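Please read it alongside the sequence and the coordinates.

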Amino acid sequence: MKFKPLLAAAGAFALALPAVPATAQQDLSFDAYVQLLIAKARAEGVSEATLARMTAGLEPNDRVIRLDRAQPGSPTSSGYPALAPYIARHVDAARIRGGRSARAEWSGTLRAIERDYGVPGEIVVAIWGHETAYGAVKGGFDLSQALATLAWEGRRRDLFASEWVALMKVADKGYSRGELQGSWAGAFGNPQFLPSVYLRLAADGNGDGRADIMNDSADALASIANYFRDAGWREGQPWGVGAYVPSGFDVAAYRTPIAAPVCSRVHERHSVYKPVSEWRALGIQPQRAIGDDVLVTLFQPDGPGTPAWLLTSNYRVILEYNCSNYYAMSVGLLADEIAE
């Protein structure tokens with residue numbers, strides 16, 4: 001389907017896009033709905049040239065719709081998959097080897113990043129490894145098509161409509177449509193940022209005046225570090241340390257009573273926060289150096305007799321990137337392996 005010329009009346013209507021009820025937009029054809037998106041982007045300053053090249057021949061992508069509808073719904077309260085098998089798959093020899101190689105190759109850039117952002121290089125590299133296998137797998141979906149399709153579909157319309165407009169602003173910086181490819185859900189580049197995150201936090205890592213997270217590894221690494229600094233990374237603290245839990249210790253007795261406003265299934269598995277010194281007094285012993293005054297939560301995901309960790313607030317920063325204990329633990333453990 002090709003786009004019809006934008007009607008003048010539709011242009012005025014489109015400026016109020018966020019206020020239009022989803023039920024009203026569900027009756028629009030894809031072409032008509034995208035014209036609303038175009039008008040919104042135009043009203044926010046995107047150039048006509050960018051809008052023309054980013055929407056030429058645009059049509060919905062059925063595969064994107066199928067992938068979106070295949071996403072799991074609200075989780076149940078019954079059980080969790082074991083962490084150990086996930087770690088074995090995601091902190092494997094190939095990823096460790098790739099991370100150590102990347103850390104050595106970009107050592108000068110990473111030293112500058114540690115100085116400027118206060119985030120350890122191994123953490124930055126671990127994120128890069130998990131997101132795109134150190135730049136090898138960045139996704140091949142046309143982002144303009146994917147985000148427009150998701151917005152039109154309507155399951156998370158407000159999110160994807162705003163991300164499509166943000167993508168137009170990214171494109172307006174001079175990036176081609178061919179460069180702006182990524183995941184079916186709109187994340188792109190080496191760090192897999194959403195367009196709105198790119199606009200807010202993408203950083204110039206090599207001093208050339210651009211933040212090219214698609215093609216420039218230095219920019220991508222600096223952008224990841226900037227994300228972590230913005231999320232509250234505390235310099236000089238680890239993300240967590242392994243911990244010895246004595247036999248018979250009831251971890252559940254120290255579960256936090258606080259219901260997290262977001263990612264509740266993640267945080268309900270963590271204990272209350274206590275200084276390391278208080279955990280020591282209870283018999284919990286850190287397996288690596290950590291200050292006695294550092295506030296940490298106890299996490300033993302696979303039950304009594306299995307590995308446990310004391311997690312700092314920096315662990316929560318990793319969760320900001322991807323709200324999953326499996327993801328955050330694998331990033332932290334991969335970073336430790338890269339550093340060693």
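Helices here are DSSP runs of H or I with at least four residues, numbered from the N terminus. By that rule, glutamate 122 is found in helix α9, residues 121-132. The model is predicted.

**Glutamate 122**
- Glutamate 122 counts as buried because its relative accessibility is 18%, where the cut-off for buried is under 20%.
- Leaving aside residues up to four places away in sequence, glutamate 122 touches Arg103, Glu114, Ala335, Ile338 and Ala339.
- Valine 46 lies 76 residues from glutamate 122 in sequence, and their C-alpha atoms are 37 Å apart.

**Packing of α3 and α11**
- Helix α3 (residues 30-43) packs with helix α11 (residues 157-171) at an angle of about 55°, and their axes are 9 Å apart.
- The two helices, α3 and α11, are therefore oblique to each other.
- The crossing of α3 past α11 is right-handed.
- On the α3 side the contact is made by Tyr33, Leu37, Ile38, Lys40 and Ala41, and on the α11 side by Arg157, Ala161, Trp164, Val165 and Met168.
- Of the residues in this contact of α3 with α11, 8 are nonpolar, 2 are charged and none is polar.

**The two sides of α5**
- Val64, Ile65 and Asp68 are buried in helix α5, residues 62-69.
- Exposed residues Asp62 and Arg66 sit on the face of α5 turned away from its buried side.

Methods
Residues are numbered from 1 along each chain as its sequence is written. This is a predicted model: local features need pLDDT of at least 70, side-chain atom pairs count only at pLDDT 80 or more; totals for chains, interfaces and linings use all residues. Side-chain values use heavy atoms; hydrogens and water are left out. Axes are lines fitted to C-alpha atoms, for helices over the stretch in contact, and angles run from 0 to 180 degrees between N-to-C directions. Angles under 35 degrees count as roughly parallel, over 145 as roughly antiparallel, 65 to 115 as roughly perpendicular and the rest as oblique. A crossing is left-handed if the near helix is turned anticlockwise from the far one by less than a right angle, and right-handed if clockwise. Contact means heavy atoms within 4.5 Å. Ala, Val, Leu, Ile, Met, Phe, Trp, Tyr, Cys and Pro count as nonpolar, Asp, Glu, Lys and Arg as charged, and the others, Gly among them, as polar. Buried means under 20% relative accessible area, exposed over 50%, partly exposed in between (1.4 Å probe, protein chains only).
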